[in-house]
Structure formats: structure tokens, C-alpha cells
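I opened this notebook to keep track of what I looked up, one topic at a time.

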Amino acid sequence: MRALCWTGAGRVAVRQVPDPELRNGHDAIVRVRLSATCGGDLPLLAGRAPYLADGDVLGHEFLGEVVAVGPQVHRHRVGDRVVVSSTVACGSCWQCRSGAPWCCDNGNLVPEASELAYGQAVPGAFGRPTAAGGFAGGHAEYVRVPYADVGAFGIPDEVSDERALFAADAAPAGWLAAELGGVHPGAVVAVWGAGAVGQLTARAASLLGADRVIIMDPQEDRLRMARRHTDAETVDPRHPDIPAELRERTGGRGPDICVEAVGPARDGRPRSLAERLTGAAERPPAVHEAMHSCRKGGTVVVLGEFTGQVDAFPLGAVGAKGLRVRGARQHGAGQVPTLLERMARDELRTEHLATHRLPLEEGARGYALFRDRRDGCVRAVFSPDLPPAG
Ligand SMILES: [Zn+2]
Ligand SMILES: [Zn+2]
């Protein structure tokens, strides 16, 4: 089959790779109809994250049609249209049974890498380095989906592919951020980043009853899109002092919940081996601004996929301001069914985020548009069914 593979720092290419096969009773094979770029792909693409190997198949977010199921798959039949959670969770470990599939103990076949980096294995995910426990991703004709009853979800007929696609990753990430942040009726929520995850965090906050949502982004076209598709207010990206502006708009108190949805730097610079081994050094300005802006006793949620260490983290603010800091990188499957229901009721619309639709063969161009945010690109979406141009 054809698949979009990482082929070295900054490079991707479509290659022929073996078709995936059922390996155990809980697996399904899905024929991909659409897959999307994800902000978490960019550090991988640039070679800034360890463990990625030449030939690893990218694609964190995808949907398609079931073409084969193992004997222990009960919720899906061949022919079903399904969206697949980007995080791989088993559904039966202590974490999954406690309602935290994003902390699953079993979804990662190579736990050593994340044990070394974080002290414990994190779940596997599609389109992430296989040497770190990731699974071949969705920028391909077919994908093997482990624990298919847990991670794949039938799509209601009234929800289009372009809408349902975002139930794989961006919408659950935004929803979980709003939940972990404790969004409640009357809350004031500030979101850094008006990409897909930021916009869907803003929308989730509104649906959960936030009184006001304020979204920030350096790019005016993304802010326009956020104003059109969410209830959020925006801040002029040229404003010299964002925390002061947020205090000003909240009676001097600061937002109750501040969500970082920007992620690591996008400069595309490959990291040296020394930098990778020592884990130096992201300095994410949005995290700093969120910590400075948040009201005393408020909650800061960090969504960006930071793989290494972060310099100059304002830890003092956690104690001095009594902040809660939450993270939600591996959102898991918990939110997907209710998000699909909301999509079917037209409460949650996501198709505007798929700004560019391209054949798989144009993966390199799609990722360049996405990385550089050219031509208004929010998410590039690939379809193996579209014929290559030319
Ligand atoms: Zn993602
Ligand atoms: Zn589990």
C-alpha cells in the first residue's frame, strides 16, 4: 500500500509499504478515507523528537471504513464508517476503568522510551515513532487499529467525513482541556493558539457554559476564523502586553482558566544530538503568558506536545499564585462518542478547519503549508483516494 513516511529531518515521501494485517483478536483494519496533519507532527517532522525512524508512517488523526475485524471485535463490522482515537488505550487496565484512557498502562508496546523520559510509560498513539511505542499512522491507505472496540467509533450518518475527522484528536483534546480546566457556567477562559485545537477548546468552553472565552494567536486570519466559528473574543496580536490586556478585560482579576494550545516552536530547525540527549530547550512563550495571566487560584492547562524539557518554567507562580497546572497530551477515547453526538446535533462544527484537501502524494506540500501557516492553512487533510496532481 501507499503511505506517507518520514524520511529524514524535514522530509516526508509516499512509499510502498506492506499492507497491515490483523495481529490479534481485538484488531481491526481500516481503509483510510481522510487523515489530517497535527501540530504534534511538526517536532517529529523537523527531527526534533527522538526515536523517529526512516519509514515511520505519520498521521495522528484519521477516519475510514472497516475492512477486516479480529474475532474479539464486537462493536464493529466490515463496512462501518469509523473515526479512530489518536491515542491507543486498552479499555481494561486500572486507568482505563477509572475513566482516564489517556493514562492507559497498556497501549504502548515499547514503554522504555517514555519511562526514561517521564518515569512511566505513556499510551501509544498513531503516527508517532514506533520505537517509542507509537503505531503506524493514518497517512496511508490502510491502518491496523489495536483494541478496535475501545478506540474506533461508528460515525452517525448525518456527520460528514470532514466533520467527523476532528473527533479523532483535535476535538477531544479541546474538550478535555476545558474539562480538566474545570470550565463551569460563568467562567472566563483564555486560550493561546487559534489553530484547530485552540478553536475547539474555545468551542468546548462555550458549550460547557463559560461566560467569556478569549482567544489569542499571532495570525489575523486564524483570529477571523475563530470569531466566525466560535463565540470567542480575540486580542489584537500586536498587543504589547497580553497578560495586562487580559487582566484589564477581567476586572483586574485575570482569567479563571488559561489554556496553552500552541505547542513547541515551529522553526523547523533540526536539533543536534546533544540537544536531544540533554533535552534542551524549549522556551514556550505561551506557557509563560498563561501562567502570568491566570487569576490567583486559577488553572493553567498545557496542551502542546512538548517532548523534552522546558527552560525557565515559571514554577514560582504555581506556589505564589496557588495555580493548578494540568496537562492533556494523550486525550484518549473518552470524549469521542459525546463529541460525535454533538456533531450530529450541529452543535459542534469542525469542517472549516480542513482548509486544504490534498492527495497523499502531496504530503510534503501539505506539511509545508501547515508548518508555515501559508495560504490560511489550519489543517491539511489527505485523501488516498484523490489522484495525484499532474
Ligand atoms: Zn494530534
Ligand atoms: Zn488501558
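**Entry 1: ground rules and confidence**

I noted that this is a predicted model, in which local features need pLDDT of at least 70 and side-chain atom pairs count only at pLDDT 80 or more, while totals for chains, interfaces and linings use all residues. Residues are numbered from 1 along each chain as its sequence is written, chains are lettered from A and ligands numbered from 1 in the order in which they are written, and side-chain values use heavy atoms, with hydrogens and water left out.

I then looked up pLDDT, the predictor's confidence in each residue, from 0 to 100. The protein has a mean pLDDT of 91, and 93% of its residues reach 70 or more. Over residues 267-274 pLDDT stays under 50, and for these residues the model has 15 contacts beyond four places in sequence (contact means heavy atoms within 4.5 Å).

**Entry 2: the zinc ion (ligand 1)**

Which protein donors does the zinc ion (ligand 1) have? I found C38 (SG) and D169 (OD), lying 1.9 to 2.1 Å from the ion. Donors here are N, O and S atoms within 2.8 Å of the metal (3.2 Å for Na, K and Ca), and water is not among the atoms, so sites may look incomplete.

C38 sits in the loop between β3 (28-36) and α1 (41-45), and D169 in the loop between α5 (161-164) and α6 (170-180), so that the pair links parts of the chain 131 residues apart. Helices (H or I, at least four residues) and strands (E, at least two) are DSSP runs, numbered from the N terminus.

I also checked accessibility, where buried means under 20% relative accessible area, exposed over 50% and partly exposed in between (1.4 Å probe, protein chains only). C38 is buried because its relative accessibility is 4%, and D169 is buried with a relative accessible area of 6%.

C93 lies in the loop between β6 (87-88) and α2 (94-97), whereas C104 lies in the loop between α2 and α3 (112-118), 11 residues apart. Both C93 and C104 are buried.

**Entry 3: strands**

I traced an open sheet of 6 strands in the order β12-β11-β10-β13-β14-β15, with parallel pairing. β12 (233-234) and β15 (324-327) stand at the edges with a single partner strand each, so one side of each has no neighbour in the sheet. Two strands pair if DSSP finds at least two bridges between them, and β11 (residues 212-216) pairs with β12 over 2 bridges. I noted that I214 has E233 in β12 as its bridge partner.

Elsewhere I looked at β1 (residues 2-6) and β2 (residues 12-16), which run antiparallel and are joined by 5 bridges. L4 has V14 in β2 as its bridge partner. The two strands β1 and β2 form a hairpin with 5 residues between them, and G8 in the turn has a positive phi of about 130°.

**Entry 4: helix α7**

How many of the 12 residues of α7 are buried? I read off 11, so the helix is largely enclosed by the rest of the structure. The cover over these buried residues includes α6, β10 (188-192), β11, α8 (220-229), β13 (257-260) and β17 (379-383). Just after α7, G209 takes a positive phi of about 100°.

**Entry 5: two single residues**

R295 lies in the loop between α11 (285-293) and β14 (299-302), and it is partly exposed, with a relative accessible area of 23%. Leaving aside neighbours within four places in sequence, R295 is in contact with R253, G254, P255, D256, K321 and L323.

E179 has its place in helix α6 and is partly exposed at 43% relative accessibility. Not counting residues up to four places away in sequence, E179 touches L208 and Q335.
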